Amino acid sequence: MPGDALPRHSLSRAAFREFCAGAADPATVIALIDAEYSRRRLLLRALADDDAAVGRRGVFGDPRPAWDVLATAESRAPDVVRQVILYPPVGVWLHRAVVAAIAGRDVTFADLNRMAAAAAIRSDVPCDLALPVQHGAVVLPTVGSLRLPGSFPAGFARLRHGTAGTVINALDGRLAVTIDPYRVAAGFRPSPIHTTTAAGVELSVWIDDTDPYREFDEARPPHESSSIELLEWRKLLDEAWDTLVHRHPRWAREIGAGVSVVTPAVHNRTSSGFSSAGAIGAIALPAGQSVLELAETLVHEFQHSKLNAVARLVDLVEDDTGGRFYAPWRPDPRPLSGMLHGIYAFVSVAEFWLAQADQVPPSPNGALLLAHRRRQVAWALESMAGSTGLTEAGDELVAAVRHRLRVCLSDPIPAEVTEVAERMVLDHYANWRLRNIRPDAEGIEALTHRWRRGMTAESPRPGLFQLRPRCSTGRSTREGLLRARLSGSGRRTTGTMATAFGADQAYADDDYDTALAGYLRADHDAGDAVVGAGLCLRGIGRQDVAHALLGRPEVVAALVARLGGGADPVAVGTWLAPVVAAGRVGAP
Amino acid sequence: MSLSADQESWLVDVTRMPLATLRTLRDPALLEAVRGAVETVPPSGADEIQEQGTSTAR
C-alpha cells in the first residue's frame, strides 16, 4: 500500500462547529471513535514493532503470539477486535506501555495477551496464551473475570481456547478451570453489560468493576459488585437514561453513541465523576448519586471524552505552557487546555440545568446549580481573556461557549439564588489565591515599611504561583451552609463564636456583624479570617474593603502576619482598598 | 484548522488495515503516523483525570 494512498481522518468544518455548539450528532461521535481506533492501532504498532520487540524477555516479553491471535480474530470478527482494542481501560495500559518503551524500560505485554485472549474467545479462534494473574484474578476485557482461589498479588495462568472449550490453567497446572464466557460458574463471571432503551434511543455499557485500569490510574485490584449492587446500578442507569432521553435528547444521542463503559469508582471517591483522555468513552462514578446527579455526570464527563477526541484531530492550543489560569471548579491553577475542558463541560452542565428549569416539581437545587455553573463559566472566561495561546479553532470554541453562556445567563433566577452563587465563587476565588499565590516578598516588605510610617499603600506587586501537588479542598463549610439554607434544610446550630463553624453559621444566616467578630478572633485561622472578613464586609456593603480582602487575600494575610499584632485584616484591607479597588479581580 | 474549510488531520486511518499488515508495513507515511500517535501520549504516561471540581458536591 503506497504511503500517499493512506487515508487520513478528518473532522469536517460542520462537525467542528456542531461540536463547539454542544451535543454532537452520533455520526460525528462515531467518526471521533474511528479516529481513536486508528490511534490505538498505531500505538500497538509502536509497541509491537519487530525492532522494538527484539531482546525482550519473560513470559510477557514477546508481543508476537498475542498479535497473531488478534490478527486471526480480526480476520474472522473485525467488530470484536475493534471493541476489544477500543475498550477504554486498554487505552490506559497503552499509554503507560508506550511511556515505558520510550524510557527504555522493558514493556510487559501481559495486557496485550489479555486483549488477544478476549478476542479469541469471542471470535472462537484457537489460542494458547499466558495471562497475568493480578490480585488473584484473571481479567479478560469485554469477556469477564476469573477469581482464583487464594489471593495472588501477581503471577500468570495459561488460557487455552479451542474445540475443547476455554480452559484456564493456574497454580503450575494444578488448577484447571473450564469457563463458559456467558455463564457465572467456577469463579468466572462474565463482564456485566447493561442495555437500556428509552423512546428508541439505546445506551449499552459494560459495568466494569474488575479491569486493573478501570479507574484510569495505577493498576487496581478487582472489586466485584454484589448482585444487589449491580441491580442498583442497572436501575439507576435506566432512570438516568430515561431522564436524558426525554429531557435532554441531544445529549442522550451523543452519549448513546460514545459511552461504552461505566465504572463504579471505589478508589477515587472525592468527586461525582471521572474520565480520562486515555480511556475515551469511559466514565467512573462513585456510588450514591441520585438519578439527576448521574444524568448530569454522564453529560459532564462525556464532554471531556469528546473534547479529548477532537483535540487529537484539531489543534486548539498553540502554547499550553505559558499560562496558568483561575478555574472556579478547581483548587489549582490550570493551563489553557484544562480551561477549555472546564468551560466546555460546565457550560454543558449549565445547559443541563437550564433544560431542567421548567420541570414540575422543580429539581432540588436546580436553580442554584444553574446559577453557580453559569457564574463559574463566566469567571473562567474572564480569567482566560487576553490569553494568546489558543489557535483559531480554539478561539472559535471559546466564542461558542461564550454564546452558549449568554443563553444560560438569560434565564431569570431569583436574586437570592444568584447571590448565593456569587458568594460561593467569591469564597472559592479568595481561597484559591491564598493557596496558590505567593506574595512578592520585597513587595510585602515595602508595604510593611509604608504601613509603619503611616504612609498610604502602594499597589501590591504581582505574586508568583506556588504550584502545589493536586489537592482536594472539599466543599467549604460556608458553601455547605449556604446550600443548606437555600434548600430549606439548614438548621440553626448551637455553635458559639469560639468556633470557626459558629462564624460560618452566622455568615450563612446573613448575620455579618457576628460573623465578622468571629472571624477576627485571635484564634481563628489567619487565612480564613481574611476571606471570612472580606465576605462579611461585602455583605455589610463595604465593597471597597471587601474587594481588597477577596481580591488580594494573600497580600493581606502576609501583611497581617508581618505586622504581628499591630493590625487585623479589616484594618489592612481598609488601608489597601484605594489601590486594590481599581484593579481587576483576576490573575495575580 | 482553517475556519473556512475541512481539514485532514495528521492521523492516518488504519481502521481497515489488517493487523497482520499493520505490524510489518514499513511505509514512511505509516511510520510517521506511528510517531504522531506516540506524541499524543502524555510524557508521564498518566493522562490527567478529568473530574467534576471539588466545589461541585451537591
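Q: In which loop of chain A is Thr142(A) found?
A: This is a predicted model, in which local features need pLDDT of at least 70, side-chain atom pairs count only at pLDDT 80 or more, and totals for chains, interfaces and linings use all residues. Residues are numbered from 1 along each chain as its sequence is written, while chains are lettered from A and ligands numbered from 1 in the order in which they are written. Strands (E, at least two residues) are DSSP runs numbered from the N terminus, and Thr142(A) is found in the loop between β3 and β4.

Q: Does Thr142(A) count as buried or exposed?
A: A residue is buried if 20 or more other C-beta atoms, placed from the backbone, lie within 10 Å of its own, exposed if 12 or fewer, and partly exposed in between. Thr142(A), which has a positive phi of about 75° although it is not a glycine, has 24 C-beta neighbours inside 10 Å and therefore counts as buried.

Q: Does Ala199(A) count as buried or exposed?
A: Ala199(A) is found in the loop between β9 (193–198) and β10 (201–207) of chain A, and has a positive phi of about 50° although it is not a glycine. With 10 C-beta neighbours inside 10 Å, Ala199(A) counts as exposed.

Q: Which strands stand at the edges of the sheet that holds β3 and β8 of chain A?
A: Two strands pair if DSSP finds at least two bridges between them, and the open sheet of three strands has the order β3-β4-β8 with antiparallel pairing. Each edge strand has a single partner, so one side of each is left without a neighbour in the sheet, and these strands are β3 (137–140) and β8 (188–190).

Q: Which residue in β8(A) stands opposite Leu146(A)?
A: Three bridges join β4 (residues 144–147) of chain A to β8(A), and the two run antiparallel. In β8(A), the residue opposite Leu146(A) is Phe188(A).

Conventions:
Helices (H or I, at least four residues) and strands (E, at least two) are DSSP runs, numbered from the N terminus.
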